[in-house]
Amino acid sequence: MKTIQINEQFKEDWKRVLNHIANLFYEDSVIQFTQAGADMAIAFQHHIEADFTIHTAAQLTVDGEKYVSNYAIRYATEGTEKEQSIRMKRALSHVMLDVLEQYTGMTQQWGILTGVRPTKLYHKYRKAGMSEEEIFAILKKDYRLSDTKISLMKEIVARQLKIIPDLDELGQEISIYIGVPFCPTMCAYCTFPAYAIQSNRKQGRVEKFIDGLHIELREMGKWLTEHNMRITSIYWGGGTPTSIEADEMDALYKTMFESFPNPHTIREITVEAGRPDTITPEKLEVLKKWGIDRISVNPQSYTQETLKAIGRHHTVQETIDKFWLSREHGMNNINMDLIIGLPNEGIAEFDHSLNESAKMMPESLTVHTLSFKRASEMTRNKDKYRVADRDTVSEMMQMATDWTKENGYVPYYLYRQKNILGNLENVGYCKPGEESIYNIVIMEEVQTILGIGCGASSKFVHPETGKITQFHNPKDPAAYIMTFEEAIKKKIEILNDLYVKIS
């Protein structure tokens, strides 16, 4: 842990932003307004001139050595109080990043960006009428992004607009996430709702949850039908939705198609079948029956020792077998996930995973970088899991970039997470034309995502202002069973505010 002294008592949200910058260089850093026990000190200067120019400066002092940075940016308007605060935080981050890069010799490819959705920023400037050259310049100068990351963003945005030409108008439609909170076991890195299905079935929670989900599907479908809402995409996630039995899946899909309006206009339906040990011929036949052919079969790694270490109880061979079984049963759009930086994995293991992927060539390959999520078992017991260093994970990401390009895949969405190894990213690659619409709309926040089921988060996006309101269903099946009817009422209230009062 690194303690960094600063020269003034910043507002808490300013200090939090600076902490995010420090964490790019030092794990679990602490920013404090005190000299006691500090490893290094940063003195800031900042002011705003009458022409709305912000000036910031930082001087880092470590063992008598000084590192200095100055930055200025002029805005056309004074801006609101909130906008002024955002601008100042950005300018302070700029100089702090600069002095820490000077001292450590590290270069942060994502610059001062620590948020989840970098491409959303690119879309913002695009919609403001900026040219590609102007966007490139502002991302490089004011956000300190590398040429490589800016080019990646540009390529992804172009791909998204090609696959969804009406992306900017999708606010009038809605997408739906349906959460099934059960898995065979919980992975060590996971914080999603993933409760052991066998123990919950013994306690009667699986059946009660499914009963509640049927009701929620019908009630939300009733509102959608009454207001003639067009559904863009539907994503069944969790947990692992294929953890439940084939007849339970069949009944839920029947309810979904009977309840939702204009099912023939839905552009895409995905079912997350990520755990190969949940896939059976009977379940695949149910998917085929309802015309669902986009699923995930997620290896994460093709090294057996790794799967054991992270709590996945299936074998590598089972992943391969279930992929081909899915193909035989008509699954024509299969996604597979790989995770960079899993415990005890390095260049050789990741190269092996890519070579195995080449034997199957799924329609899409999502490459995640391991993130130490706060509530995961891996984070709680960090000393138990040895993971790759920064240079190694960067090399592995480059391997993924090269492999996907050589094999005809294109990047079409990306997102980042806090505490992600190497300050890298997660990138979704696909064969051209096989992009997931849901993945694009949820990452770019262009429309409401209505969450149904256990642990489902609803993100209500105002179709005119873009303002976001969130609502979360309970993660725990027992809590969901007790409260889903209240959740239905609350979500309908929000939907009425968004789509009825403005029409």
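This is a predicted model: local features need pLDDT of at least 70, side-chain atom pairs count only at pLDDT 80 or more; totals for chains, interfaces and linings use all residues.
View 1. At least two lining residues come from each of helix H1 (12-23), helix H2 (81-104) and helix H3 (118-127). By type, the lining residues divide into 21 nonpolar, 14 charged and ten polar.

**View 2. Strand S9 and its two partners.** Strand S9 (residues 231-238) is mostly covered, with eight of its eight residues buried. Strand S6 (residues 174-180) pairs with S9 in the parallel sense over six bridges; look for isoleucine 176, whose bridge partner in S9 is isoleucine 234. S9 also runs parallel to strand S10 (residues 268-272), joined to it by four bridges. In this pairing, serine 233 stands opposite glutamate 268 of S10.

**View 3. Helix H11 and its packing.** The 13 residues of helix H11 (residues 316-328) should span 18 Å at 1.5 Å a residue, and this agrees with the 19 Å between its end C-alpha atoms. Val316, Thr319, Ile320, Lys322, Phe323, Leu325 and Ser326 are buried in this helix. The buried residues of H11 pack against helix H9 (281-289), strand S11 (294-296), helix H10 (304-309), strand S12 (333-340) and helix H12 (347-360).

**View 4. The glycine after H11.** Back to our opening question: the residue is glycine 330, which follows H11 and has a positive phi, near 90°.

Conventions:
Residues are numbered from 1 along each chain as its sequence is written. Side-chain values use heavy atoms; hydrogens and water are left out. Ala, Val, Leu, Ile, Met, Phe, Trp, Tyr, Cys and Pro count as nonpolar, Asp, Glu, Lys and Arg as charged, and the others, Gly among them, as polar. The expected span of a helix is 1.5 Å times one less than its number of residues. Buried means under 20% relative accessible area, exposed over 50%, partly exposed in between (1.4 Å probe, protein chains only). Contact means heavy atoms within 4.5 Å. Two strands pair if DSSP finds at least two bridges between them.
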